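Here is my note on the model you sent. Please keep the coordinates open while reading.

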Amino acid sequence: MNRREFLLAAASAAIAAPALSFSGKLFAAPANTPRFLMVFLRGGYDCNNLLVPYSSDFYYQSRPSLAIAKPDAANPNSAIALDANWGLNPILHDSIYPLWQRKQLAFVPFAGTDDMSRSHFETQDNIESGEPTELRNNYRSGFLARLSGVLTGVPAIAFTDALPLSFQGGSKDIPNISLRGVAKPAFDERQSAILSEMYKGTSLAAAATDGLDLRQKVSKDLQDEMAKANRGAASAKNFAEETQRIATLMRQQYRLGFVDIGGWDTHVNQGSTSGQLANNLSNLGQGLAAYAEALGDEWNNTVVVVASEFGRTFRENGNKGTDHGHGTAYWVLGGKINGGHIAGAQVAVNQNNLLQNRDYPVLNNYRDLLGGLLGRTFGLSGKQLQTVFPQSKPRDLQLV
């Protein structure tokens, strides 16, 4: 293309590129300050084949082709017993289960929102907003943006293609950086020089220069991290590769983060210990294990929450999959959490306790759950928690 065409294309790319905040470019929070990462599974994952209610006969009646076998030492495809009622999908034996054994992982079943739409978009917005259902009239204010606003010295970042709702509407400019396709710098030296020249003499000159510098630095850091990951050790794919890169930035500079993962809408041929869901869980588990390892000692200062907009129908459908449900199971991980147990309010898994005879009920509201967890993690006051989650009733499950 000619120079004019390149300038137009570059300008368009700059406008479309994720917004970056440059005020904290040289700032790094003290190493031992708390870190929080929200991992959002978009699509509504099937928690019933992650956290297996193996003591329930109803589970096996409801899932003739999807159910995971009861714990059996002689059967490698059987659930891993976590307690007398719950087991873990064996696909996570080598990644997540060791964290459970070290009491660095807890699960909270029957968790979620009061949104009953079973719509991906509406329920995702509901959770990212963090506002009570009756107050939601616009989705331009996210709970992580409000959390960032009440915290001091806690730099935040979203590892996403575009700034997610959870980080929108706050008083601070939150950077978002896509970690996909980062094998080479975002712009080479010639392109950077042209883009800098475009903004020279304007009010955006400093921001543009800082932005280009930051993008180049992040790209180099991520390339270095990828090289270090290829040491012959078991290398996690897909999400694991991203989480190791995330760990570089969360370890060195950022303390509040968000990342989302798609592909959890399993209406057809979901599988159990193999197939679509198992592959996704395997990548997720390996990624979280890689993240914990890459953080090193700072894993002890870290809390990770894995959430999804809703669960799936308890019964499998006619296509050997599951449909949009309601209650789900949250994961809470970290080097110093009080893990190794199933937390929160629970009921027996049977037909009588299903919501509308199809779903898990929500007994642990996500706003109350996250309010209690974030309050403990960052030492928030009651007033601050009400800013983050208006009209919530923060519930401390003693996980941190």
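1. Basis. This is a predicted model; local features need pLDDT of at least 70, side-chain atom pairs count only at pLDDT 80 or more, and totals for chains, interfaces and linings use all residues. Residues are numbered from 1 along each chain as its sequence is written, and side-chain values use heavy atoms, with hydrogens and water left out.

2. Confidence. The average pLDDT (the predictor's confidence in each residue, from 0 to 100) is 83 for the chain, and 76% of the residues score at least 70. Residues 1-27 have pLDDT below 50, with 38 contacts in the model beyond near neighbours in sequence; a contact means heavy atoms within 4.5 Å. Residues 222-237 also stay under 50, and the model gives them 23 contacts beyond four places in sequence. Where pLDDT is low, the predicted coordinates should not be read in detail.

3. Overall fold. The chain has 11 helices and 10 strands. These are DSSP runs, numbered from the N terminus: helices are H or I, at least four residues, and strands are E, at least two. Of contacts between residues at least 6 apart in sequence, 72% join residues at least 24 apart. Buried residues make up 54% of the 400 in the chain. Buried means under 20% relative accessible area (1.4 Å probe, protein chains only).

4. Cores. A nonpolar core is a set of buried Ala, Val, Leu, Ile, Met, Phe, Trp, Tyr and Cys residues joined through side-chain atoms within 4.5 Å. The largest has 54 residues; V39, F107, W331 and L333 touch the most other members. Helix α9 gives this core its largest share, 7 residues. Another core, of 38 residues, lies apart from it and includes I127 and F167. Beyond four places in sequence, the contacts of L333 include I96, L288 and W299.

5. Helix α5. How many residues of α5 (143-150) are buried? The count is 7 of its 8 residues. Among them are F143, R146 and V150. The buried residues of α5 pack against β1 (35-41), α4 (120-129), β6 (156-158), β7, α10 (366-378) and α11 (382-388).

6. T266. This residue sits in the loop between β7 (256-261) and α9 (276-295). Why does T266 count as buried? Because its relative accessibility is 1%. Its side chain makes a polar contact of 2.7 Å with that of Q270. Beyond four places in sequence, T266 touches Q276, R312, G321 and T322. A polar contact is a pair of N or O atoms within 3.5 Å; within protein, one must be able to donate a hydrogen and the other to accept it, and residues adjacent in sequence count only if both atoms are side-chain atoms.

Technical notes. Buried means under 20% relative accessible area, exposed over 50%, partly exposed in between (1.4 Å probe, protein chains only).
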